[in-house]
Amino acid sequence: MAAPALTESWTLGDIEIPNRVTLAPLAGIGNWVVRLQAKRYGAGYAVSEMVSSFAIHYRNEKTLRDLLTFKPEERDGGPVAIQLFGQDPEVMKSAAAYVAEHVAVDVIDLNMGCPVPKVCKTGAGAAMLKDPDTAVAVAKAAKEGSGLPVTVKLRSSTTKDGEHDGYALAARLVDEAGVDAIGFHPRSAQVHHKGTPDYALAAKLVDELPVPVVLSGGLHDAEQTLAAYEQVRPAAVMIARGGLGNPWLLSTLLGRREDVAPTADEVAAEFDWLLDRTAEHLGTERAGRYLRKHYPWYVERLAGLGYPDASATPDKQLQAALQQSDEIEIARERLRAAVAATVAV
Ligand SMILES: Cc1cc2nc3c(=O)[nH]c(=O)nc-3n(C[C@H](O)[C@H](O)[C@H](O)COP(=O)(O)O)c2cc1C
C-alpha cells in the first residue's frame with residue numbers, strides 16, 4: 001500500500017495538521033518571517049528556531065522580543081510550534097508555562113539533537129541522549145508547565161559507531177513522559193549534518209512508536225524527499241537545508257507546482273518580500289546585517305538561469321555585491337539589476 005499523499009492531514013496530540021510537509025527548526029533562521037514564508041508556500045506546520053528555556057525563564061529581553069514573536073497569520077495554514085532547549089526540568093516547566101500563557105503557539109517542541117558544543121556542554125541538545133532520565137524529566141516538565149502537546153526532536157545516536165541511544169530515548173519519552181510526537185533525524189550527533197541518514201532505522205521507529213514520527217535529514221530536493229517518505233512512511237517530512245531560500249520546494253512537494261526552478265522574476269519577488277518582512281521584524285538597520293546570511297541562497301536560485309553567463313555555479317560577483325550591501329535597499333537594487341541582466345536560457 002502506498003504511503004498517504006503528502007497533501008493528506010494527520011493528527012498530533014489533539015491537533016489536526018492539514019498536510020505532511022513541515023518546516024524544520026533552524027537556529028538563527030526560523031523566525032516568524034521564515035516560518036510565514038514556508039506557510040505561504042503550503043507548509044502545514046512549522047517549528048521555530050530553538051529558544052533557550054533559561055532565557056525565557058529569566059525574561060531575557062532580546063529573546064522575548066526577537067524569538068517569541070509569532071504572527072497570527074502564521075497559523076492560517078496550520079499550527080506552529082516553538083522549539084525550546086535546556087536541561088533543567090524546573091526551568092523548562094517555567095519557560096513552557098510562560099510560552100503557553102504569552103505566545104500564540106500550538107505545540108512545544110524540545111531540542112534533544114543539537115550537536116553544537118556550546119549547547120551540549122551545558123547538558124542540553126544532543127547531550128540529553130546520554131542522560132535519558134533527565135530528558136524524560138524535562139519533557140514531563142514541559143507538558144506540565146504548558147498543558148500543550150509536546151514533541152521532541154532528536155538524533156538517532158550520540159556517536160556514529162555507538163549504540164542507538166537516541167532511538168532508545170524516543171520510546172522512553174513517549175512511554176514515560178507522554179510525548180505526543182517525535183522528530184527523528186537519523187544521523188548521529190557526531191556527524192552533525194553530514195552523510196546519509198539511516199532511513200531504515202527511521203522506518204523501524206515509525207513501526208514501533210504509537211505516536212507520529214516526523215522525518216528530518218537529507219530532504220534536499222523533491223526526489224530525495226519523496227523517496228525517503230516512501231521508504232520511512234513517517235507522519236510527515238521536515239524540510240531544513242533544502243528549503244533555505246527555496247520555499248518553492250514546499251509547493252512542489254504538495255503538488256502545487258511543477259518541479260522546476262523558479263524564474264528570475266519569482267526569485268526577485270520573493271527576495272523583496274523577505275527584505276520587507278525582515279525589516280518589519282528587526283528594523284532596517286539590523287535587517288541589513290542579518291540578511292547577509294540569506295543572500296547566498298537567493299543567488300544560488302538565480303545561478304543557472306542565465307545570469308550573467310549561463311554559469312551553473314552561484315555567481316560570485318553578485319554574491320560579493322550583496323555581502324557588501326549594509327542597507328537592504330542597496331541589496332534590493334543590486335539583485336534587481338542582476339535579474340534585469342538575466343539572459344533567458
Ligand atoms: C543552519 C541550521 C540550523 C539548525 N537549527 C536547528 C535547531 O534550532 N533545532 C533543531 O532541532 N535542529 C536544527 N537544525 C537541524 C535541522 O532541523 C535538520 O534536522 C537538519 O538540517 C537535517 O536535515 P537536512 O539534511 O534536510 O538539512 C539546524 C540545521 C541547520 C543546517
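Helices (H or I, at least four residues) and strands (E, at least two) are DSSP runs, numbered from the N terminus. This is a predicted model, in which local features need pLDDT of at least 70 and side-chain atom pairs count only at pLDDT 80 or more, while totals for chains, interfaces and linings use all residues. Residues are numbered from 1 along each chain as its sequence is written.

Now the helix pair. Tyr 199, Ala 202, Ala 203 and Val 206 in H8 meet Ala 228, Gln 231 and Val 232 in H9. By class, this contact between H8 and H9 has six nonpolar residues, one polar and no charged. For the classes, Ala, Val, Leu, Ile, Met, Phe, Trp, Tyr, Cys and Pro count as nonpolar, Asp, Glu, Lys and Arg as charged, and the others, Gly among them, as polar. The axes of H8 (residues 199–208) and H9 come within 8 Å and cross at roughly 45 degrees. H8 is therefore oblique to H9. On the terms, axes are lines fitted to C-alpha atoms, for helices over the stretch in contact, and angles run from 0 to 180 degrees between N-to-C directions. Under 35 degrees counts as roughly parallel, over 145 as roughly antiparallel, 65 to 115 as roughly perpendicular, and the rest as oblique.

Next, the sheet. In what order do the eight strands close into a barrel? The order is E3-E4-E5-E6-E7-E8-E9-E10, with parallel pairing. Two strands pair if DSSP finds at least two bridges between them.

Six bridges link E7 to E8 (residues 181–188), where Lys 153 has Gly 183 as its bridge partner. Three bridges join E9 (residues 213–216) to E10, and Val 214 is partnered with Ala 236 in E10.

How covered are the strands? A residue is buried if 20 or more other C-beta atoms lie within 10 Å of its own, exposed if 12 or fewer, and partly exposed in between, with C-beta atoms placed from the backbone. In E4 (residues 45–52) seven of the eight residues are buried, so this strand is largely enclosed by the rest of the structure. E7 (residues 150–157) is mostly covered, with eight of its eight residues buried.

Two arginines in loops deserve a mention. Arg 59, between helices H2 (53–57) and H3 (61–67), has a positive phi near 55 degrees. Arg 59 counts as exposed because it has 9 C-beta neighbours inside 10 Å. Arg 233 sits in the loop between H9 (222–232) and E10 (236–239), and its phi is also positive, near 55 degrees. With 17 C-beta neighbours inside 10 Å, Arg 233 counts as partly exposed.

Last, the ligand. Which of the 22 residues around the ligand come nearest? They are Ala 24, Ala 27, Met 50, Ala 240 and Arg 241, where near means a C-beta atom, placed from the backbone, within 6 Å. The shell divides into nine nonpolar, 10 polar and three charged residues.

Methods:
Contact = placed C-beta atoms within 7 Å.
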